[in-house]
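Dear colleague,

I am handing over the structure below, and my notes on its helix packing and aromatic rings follow it.

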Amino acid sequence: MRWIYDILYYFQKRGFEVCRRIAERCGIRARVVRTTFIYLTFATLGFGFALYLFIAFWLKIKDLVYTKRTSVFDL
């Protein structure tokens, strides 16, 4: 049973963090967003997973473009 939690922890730690970031933006729990993506994936035969990957790609590009600078002299 321990290996299941290890796998779960691995995916939560090194995932795309899409659900967490959406949850922070909306002010809800990440668990609710994850569950919604799971139900959406089963209900639409994979559209939820495709949407998740698209959002992960978009957030990665956004993070690369909009980097936070600590001071004015960081160019």
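At 52% relative accessibility, Phe54 counts as exposed, and Trp58, with a relative accessible area of 53%, is exposed as well (exposed means over 50% relative accessible area, buried under 20% and partly exposed in between, with a 1.4 Å probe and protein chains only). This is a predicted model, in which local features need pLDDT of at least 70 and side-chain atom pairs count only at pLDDT 80 or more, while totals for chains, interfaces and linings use all residues. Residues are numbered from 1 along each chain as its sequence is written, and side-chain values use heavy atoms, with hydrogens and water left out.

Helix α3 (residues 30-43) packs against helix α4 (residues 47-65) at an angle of about 130°, their axes being 7 Å apart. That makes α3 oblique to α4, a term for angles that are not under 35 degrees (roughly parallel), over 145 (roughly antiparallel) or 65 to 115 (roughly perpendicular). Phe37, Leu40 and Thr41 of α3 make the contact with Gly48, Phe49, Leu51, Tyr52 and Ile55 of α4, where contact means heavy atoms within 4.5 Å.

There are two aromatic pairs, counted where ring centres lie within 6.5 Å, with planes under 30 degrees apart taken as stacked, over 60 as edge-to-face and the rest as tilted. The rings of Phe37 and Tyr52 have centres 5.3 Å apart and planes at 85°, so this pair is edge-to-face; both Phe37 and Tyr52 are buried. The rings of Phe54 and Trp58, with centres 6.4 Å apart and planes at 20°, are stacked.

Best regards

Methods:
Axes fitted to C-alpha atoms, helices over the stretch in contact; angles between N-to-C directions. Helix = DSSP H or I, 4+ residues; strand = E, 2+ residues; numbered from the N terminus. Phe/Tyr/Trp six-rings, centres within 6.5 Å; stacked < 30°, edge-to-face > 60°.
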